[in-house]
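Hi,

Here is the structure I promised to pass on. My notes on its aromatic contacts follow below.

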Amino acid sequence: MNRLRVLLGLLILSLMLVVPAVAADYDLVINNGRVMDPETMYDAVANVGVKDGKIAVITKKKITGKETIDAKGLVVAPGFIDGHTHCIEPYAYRLALRDGRTTILDLEVGAHGPKLNEWYKRREGNAPVNFGASVNHEFARAEVLDGFKDWKYLYSPDAIRSRIKQGWSKTRPTLEQGNQILAHIDQGLQQGGLGIGSAVGYMRQGVSAREIFELQKLSGRYGRCIAMHFRYTPGDDVGETNGIQEMLANAAALGAPAIACHFNNPGYNMVHELLVRMREKGYNVWGEIYPYAAGSTALNAVFLEPEVWVKTLGNKYEETLQDVATGEFYTQKSREEMLKKEPTRLVLVYKTPESAIVDWIKMPGVAIGSDAMPLIPDDNLTWDTPDEDLPNTHPRFSGAFATVLRLARENNIPLMQAVSMTSYNYAKPLGDMGLKSMQVRGRMQEGMVADITMFDPETVRDNATYAKGTLPSTGIKHVIVNGKLVMKDQEPLKGVNPGQPIRFEPVKSKFEPLTIEGWNKAFYASPVDFGGGVPGYDMH
Ligand SMILES: [Zn+2]
């Protein structure tokens, strides 16, 4: 035994002599962490060398860098990718970093088509995280049907302003208006938008089946996704499922990628099975959840009208509809009064039992989208605004990703699955759409972009609640974006802005305006409007 030990010692010594030690091979070195890669299932304690913004090496050998992080006891995971956030602003970045997010995208709403370039330009060089947006459907409708042109934010927060009128939600466009809507959206796709975002659930009367089909045809021509808040969301298990079936039938007929936004609603098990089976058949369709029982939206959402929310779905306002700012629950009367004063006031909507949340995290292949809401009012909010001075919001704003890690720990869900949900499960389908920046993210592999989140798997947790939605997550220690350290020891570093735009290269238009002649020629079908109207029957 002793002789063996001596021999082994000599062998190691001689090996050390042959391998020359090179000083500072890398810009940054992460030592002794548990490196996890959801694509290859690599899971081992190793050292990571970062150089020129990329993961240059993952090795068990000792390596040196200009800067060193000791990650002993920490998981070294791909940076978290949030495909669904409506708040991409400096005052949101600190809390996003505390929650481990290195890329935040607004795919469900996104930017107004003609303003997409401008949206990206505002953030370039000014963000610690990567950012991106799809092209929005309802903004195009607001401009064409309500004449809304007062673009202040160019993306989601403008929903609060453009939704005060109702034409965008309830009007059936004529064929000419339909073509105008598609042309607005097409401008954003030409400018490199990530796909089309449509919250058709807020426009269930105004948007025909034909309109959704034409949107998916358009995004499909570019090979890009539609991200949809389904037609009957939130609804019951039949409505929810029928809503996604609309999107998936179109995706199959058109070969167009599609994302089921926040399918954490009744019917989720059926929705999940539909997505899994379609992926098995080669379709690029996927879904995301946020791990909370309540949602959040504007008070004048059509599904909160008494006809739907109370009569059809059997909810009581007193138990399910809470004001974000005051914490008070609405009655039918107080809801009506507030609608007159502030129609788009933010509310919490309790819609699923707490017990369902763990189910969603058990479903492999699901991605996480926080659905972080814009903070209202946002006057004078900056990077430096203390957490406690931020207006209240749904806790998913601050805690969606840490919640997933905590719930996985508490319910014996494999850590690798949680790591995959928070990063790879968004990167993979977006990369498969030809989005190059996502083919090299969401993975801990040599050659990939060094977006890295390091957390303590034993203590990582969310702290935000419905009453205090802006409390930061804890246990996420260090975050690296494009090879640069942007958070160290839970302290986001001010003024370090390596965030990159996530978008497609500009391309020529692929839009072909719809004509009655075109339809006749192709399918011998001649709808009289942009919907499914039949001659002699007025759908408007
Ligand atoms: Zn939504």
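**Aromatic contacts**

Phenylalanine 131 is buried, with a relative accessible area of 0%; buried means under 20%, exposed over 50% and partly exposed in between, using a 1.4 Å probe and protein chains only. This is a predicted model, in which local features need pLDDT of at least 70, side-chain atom pairs count only at pLDDT 80 or more, and totals for chains, interfaces and linings use all residues. Residues are numbered from 1 along each chain as its sequence is written, and side-chain values use heavy atoms, leaving out hydrogens and water.

The structure holds 13 aromatic pairs (rings of Phe, Tyr and Trp, the latter by its six-membered ring, with centres within 6.5 Å; planes under 30 degrees apart are stacked, over 60 edge-to-face, the rest tilted). In one of them, the ring centres of tryptophan 119 and tyrosine 155 are 5.8 Å apart with planes at 65°, so this pair is edge-to-face. Both tryptophan 119 and tyrosine 155 are buried.

Tyrosine 120 and phenylalanine 131 make a tilted pair, at 6.2 Å between centres and 40° between planes. Tyrosine 120 also counts as buried, at 0% relative accessibility. Trp119, Tyr120, Phe131 and Tyr155 form one aromatic cluster.

There are charges over rings to look at too (NZ of Lys or CZ of Arg within 6 Å of the ring centre and within 35 degrees of the ring normal). Arginine 163 lies over the face of tyrosine 202, 4.6 Å from the ring centre, and the charged end of arginine 224 sits over the ring of phenylalanine 504, at 4.2 Å from its centre.

Best wishes
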